[in-house]
Amino acid sequence: MTNRYGIVLFLLVASSLTWSETHRGFAIKGSHPDANGVTFQTATGKMRVEICGDGVVHVIASPSSEIPSPIVPVVTQPCHANGLQVKTGQTAIVLSTTAMTVSVNRSSGALSFLSKDGKSVLAEPAAGGKAFDVPSAYEAKTWQLQQTFLSPSDEALYGLGQHQEGIFNVRGVPIRLHQANTNISIPFLLSSKGYGILWNNASLTDFNPAGLVIAVDPATGGGKLKTTAKGNYGFLLSSDNRNQLTVDVNGQHVIDLQNMWMPTSASGVAALDANKEYDIVAKGGPGGVQLAVRPPADTTTFRSEVGQAIDYYFFYGPDLNRVVSEYRQLTGEAALFPRWAYGYLQCRERYHSQQEILDTAAEFRKRNIPVDALIQDWQYWGKYGWSAMKFDEDHYPQPKEMLDQMHADNLHMMISIWSRFGEDTDVYKRMAAQNLMIPGTPWTDFFNPKAQTTFWSELNRGIFQYGMDGWWMDASEPEFDVLKGKQTFLGPGESVRNAYPLYVTKAIYEGQRATTDRKRVMILTRSAFAGQQRNAAASWSGDITGDWITLRRQIAAGLSFSMSGLPYWTTDIGGFFRPDDQYTSDTFHELLIRWFQYGAFCPLFRVHGYKSNAELWNYGPETEKVLTQYDELRYRLLPYIYSSAWGVTNRGETLMRALPLEFSSDPQSRGVSDEFMFGPNLLINPVTVSGATQRSVYLPAGADWLDFWTGKRVSGGQTITADAPLDRIPIFGKSGSMVVMEPRVESSAAKADPLEIRIYSGADSNFSLYEDEGDNYDYEHGAYSVIPIHWDDHSQTLSVGARRGTFPGMLDHRTFHFVVVREGRGTGVEPTGDPDATVEYDGKEVAVHMPTANVNNAQ
């Protein structure tokens with residue numbers, strides 16, 4: 001094998017890595033139990049297994065005599081075990097809780113996690129799965145930590161953040177966890193076997209390392225792969241290119257990423273035959289490519305570049321929603337955004353002046369198009385230099401008056417901010433003088449607590465004091481991998497390489513919280529790390545291209561992000577990079593409509609575009625009509641969305657729910673990556689094919705499904721063909737659920753009444769209507785209300801329970817219009833004109849009988 005600049009060698013090089021060479025002795029030499037776990041003395045070091053809840057286990061294994069503390073405190077809660085039992089046997093030491101057991105093999109130190117009834121959930125190989133100082137297959141370095149688990153062939157694995165290849169089930173796929181524009185790396189994994197793993201390491205990490213290196217001709221990109229076993233082969237391509245990463249196997253695309261901005265690696269998987277030679281063509285940048293392959297294997301491995309100890313958390317559900325909830329309990333609950341953040345957010349690159357922003361706001365209101373925020377992109381700093389944290393008054397002469405005027409019209413504003421500064425700016429000079437920058441760079445060292453508070457102080461003085469409502473934190477990876485080879489406040493940049501966005505958002509969240517509790521923190525940022533949900537931070541998928549394949553891939557990317565434990569995510573609707581003829585092209589208008597329809601059901605709803613006037617009316621009246629319809633639908637659903645958001649904060653739930661997360665007992669749901677539940681009750685099916693007027697829809701088993709547009713009832717557990725004309729995507733309500741809708745409004749601030757409650761009958765259902773003031777933190781002290789609503793399907797009786805709680809400005813009296821959905825009733829965007837029952841509600845319990853004939857006959 002030669003390096004990437006060497007001569008042509010068409011051969012397959014196997015990694016020299018074997019267990020006998022890398023596995024250090026973890027035979028148990030002694031054990032010391034305590035109230036929360038057991039500390040083991042091993043042949044070469046120490047290992048601790050501690051219980052953090054009935055279904056949560058923390059494992060940390062060190063090659064030395066010390067158990068180190070993590071550099072990055074992702075987990076914020078200490079471990080406490082209730083009723084832990086420890087039994088020492090001849091071959092194993094067993095730790096038991098009420099929900100599960102952990103068995104530690106005494107001869108190898110291998111761990112096995114078992115359910116309460118003794119069934120294996122997750123296990124290391126019998127010889128042990130821990131290794132240290134592992135040689136790289138094709139890089140001149142060693143990886144300090146490695147952990148391997150067994151993975152049965154029928155397992156599916158999800159999560160690891162947001163990546164652009166469109167891969168949903170990551171079992172067996174080699175993925176480099178490294179932050180980059182369009183790539184978000186979160187080391188949290190969910191399994192169809194009912195467990196989750198948090199790999200507690202912030203350095204560069206390879207998931208399922210690829211150990212077979214393909215020698216690639218630097219001129220042609222050609223190479224050859226000779227297979228051994230039949231099965232799925234994983235490919236990892238690395239390069240310095242920012243435009244394309246592609247791998248073809250016998251002429252078929254295995255990796256195909258093309259964009260203006262690219263990560264430095266991409267993954268792919270291909271089903272290949274045994275003992276066959278395949279032609280490979282790999283393309284990347286002018287610096288060459290590195291291509292490695294992972295043959296089929298029934299294992300899952302995490303390998304990290306830097307670390308003092310193997311450190312991971314095991315979560316057992318078996319319900320995957322419970323796993324996510326337990327993860328949040330340990331790493332921090334997701335903060336509740338202001339209510340306006342769940343409405344429509346209008347962005348573009350860029351608004352050029354105060355007057356342009358005010359004129360755009362006025363045009364939205366004139367056209368009666370619902371909107372809650374306008375977002376100011378970069379360069380508002382003008383003559384003051386890059387990211388100067390102040391407005392250039394030549395173009396923004398009165399920022400406070402601008403914001404006051406917007407607030408008076410129930411509008412809000414977010415603004416682009418950066419972690420790096422122009423070296424000619426005053427803010428850079430002040431921070432550099434205090435050694436608060438990453439040495440040799442213009443980037444803030446957010447790992448330094450003083451840098452965090454100083455950054456917020458500058459932001460508060462320069463922008464927040466005028467009444468700014470939210471933060472668009474760009475390039476928080478940080479871009480260009482600037483931490484590599486640098487020294488940070490916490491140590492070498494390599495050791496904290498993926499955690500930068502966690503500290504960026506921490507600085508803003510804690511700074512604003514310390515400044516005021518009257519305005520909730522709202523952060524939209526381009527990168528994320530484990531635990532970041534506690535910082536009131538959402539992410540978007542970066543600077544992506546506006547085309548059909550990218551739209552399709554965003555669905556899997558967003559679902560993977562949500563299955564990584566972080567609940568808030570969105571995309572640049574229409575793509576960031578758009579065609580020059582975007583305003584007149586029918587082809588682009590179709591793409592924009594389909595993307596907008598999908599975006600209306602993302603956790604955050606936001607349009608953006610490079611060098612674009614991206615407002616709805618700039619694409620012609622027909623396009624504007626369809627876009628406005630879905631904008632209005634988003635606002636009609638705000639009571640449902642905001643109540644679901646309370647479930648995210650209060651109960652650890654997820655707003656955008658992949659089918660495997662919600663229907664883990666349905667095997668057919670495991671591979672569905674292009675549909676999702678929006679909240680607990682609505683099944684969303686985006687259309688991602690040009691010219692399509694229908695799409696295939698899988699309806700999960702265990703429920704009937706009612707067409708949102710027609711009311712037709714269909715049995716679950718089957719795939720149907722659903723109509724999807726250009727103005728419609730298939731949406732289904734789950735039987736045994738409710739959806740609360742408000743009348744048409746133009747702002748989330750409207751105190752809308754009456755509310756329409758659509759009942760998807762066929763089973764009993766419950767809904768908790770959550771309300772509060774919308775934009776302060778009084779809800780943390782009990783200033784909110786919950787109205788419980790129950791549908792008894794057998795007796796056809798609707799009960800509205802007594803309201804719990806109160807808050808300033810609450811509507812004491814509400815009118816509820818109840819509709820049992822069936823064909824032709826309770827359907828579509830418009831309110832139902834003749835409800836089945838009307839309830840005048842004053843906070844006291846009330847019940848009403850609603851007999852409806854022949855509504856439960858599914859097809």
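Modeller: Happy to! Searching the whole structure turns up 5 cavities of 30 Å³ or more. A cavity here is a set of points, on a 1 Å grid over the protein atoms alone, where a 1.4 Å probe fits but cannot get out; a residue lines a space if it has an atom within 4 Å of a point. Grid points are joined across faces, edges and corners, and a volume is the space filled by probe spheres set on the points.

Two notes on reading the model. It is a predicted model, in which local features need pLDDT of at least 70 and side-chain atom pairs count only at pLDDT 80 or more, while totals for chains, interfaces and linings use all residues. Residues are numbered from 1 along each chain as its sequence is written, and side-chain values use heavy atoms, leaving out hydrogens and water.

Let's begin with the largest cavity, which holds about 230 Å³ of space. It is lined by 19 residues, and P70, I71, N200, N201 and G307 are the closest to its centre. Sorted by class, that lining has 11 nonpolar, 7 polar and 1 charged residues. In this sorting, Ala, Val, Leu, Ile, Met, Phe, Trp, Tyr, Cys and Pro are nonpolar, Asp, Glu, Lys and Arg are charged, and the others, Gly among them, are polar.

Next comes the second largest cavity, with a volume of about 130 Å³. Among its 15 lining residues, H163, E165, I167, I175 and S267 are the closest to the centre. At least two lining residues come from each of β13 (157-162), β14 (175-177), β23 (265-272) and α8 (548-562). These labels are DSSP runs numbered from the N terminus: helices are H or I runs of at least four residues, and strands are E runs of at least two. Strand β23 gives the most to this lining, 3 residues. The classes here are 5 nonpolar, 8 polar and 2 charged.

The largest pocket contains about 680 Å³ of space. Its lining has 28 residues, with H178, S239, D240, T264 and D481 the closest to its centre. A pocket, unlike a cavity, is an open set of points with protein on both sides within 12 Å along at least five of seven lines. The pocket lining splits into 7 nonpolar, 9 polar and 12 charged residues.

Strand β13 also leads us to a residue worth a stop. S151 sits in the loop between β12 (142-150) and β13. Its relative accessibility is 1%, so S151 counts as buried. Buried means under 20% relative accessible area, exposed means over 50%, and partly exposed lies in between, using a 1.4 Å probe and protein chains only. Leaving aside residues up to four places away in sequence, S151 touches L157, R171, D298, T299 and T300, where a contact means heavy atoms within 4.5 Å.

From there, we can turn to how the side chains pack. The largest nonpolar core has 188 residues, and W471, F601, F816 and F818 have the most contacts inside it. Apart from that core lies another, of 40 residues, including F26, L122, V170 and F302. A nonpolar core is a set of buried Ala, Val, Leu, Ile, Met, Phe, Trp, Tyr and Cys residues joined through side-chain atoms within 4.5 Å. W471 touches, among others, M414, W456, F464, I508 and M522, again setting aside residues up to four places away in sequence.

Helix α10 (residues 621-636) gives another view of burial. Because 12 of its 16 residues are buried, α10 is largely enclosed by the rest of the structure. Among the buried ones are T623, V626, Y630 and R636.

Finally, a few loops have backbone features to look for. E477 and P478 are joined by a cis peptide bond, with omega about -5 degrees, and P478 is in the loop between β31 (470-473) and β32 (487-488). N368 is not a glycine, yet its phi is positive, about 60 degrees; N368 is partly exposed, at 36% relative accessible area. Q796, also a residue other than glycine, has a positive phi near 55 degrees, and Q796 is buried, at 11%. Look for Q796 in the loop between β49 (785-792) and β50 (797-800).
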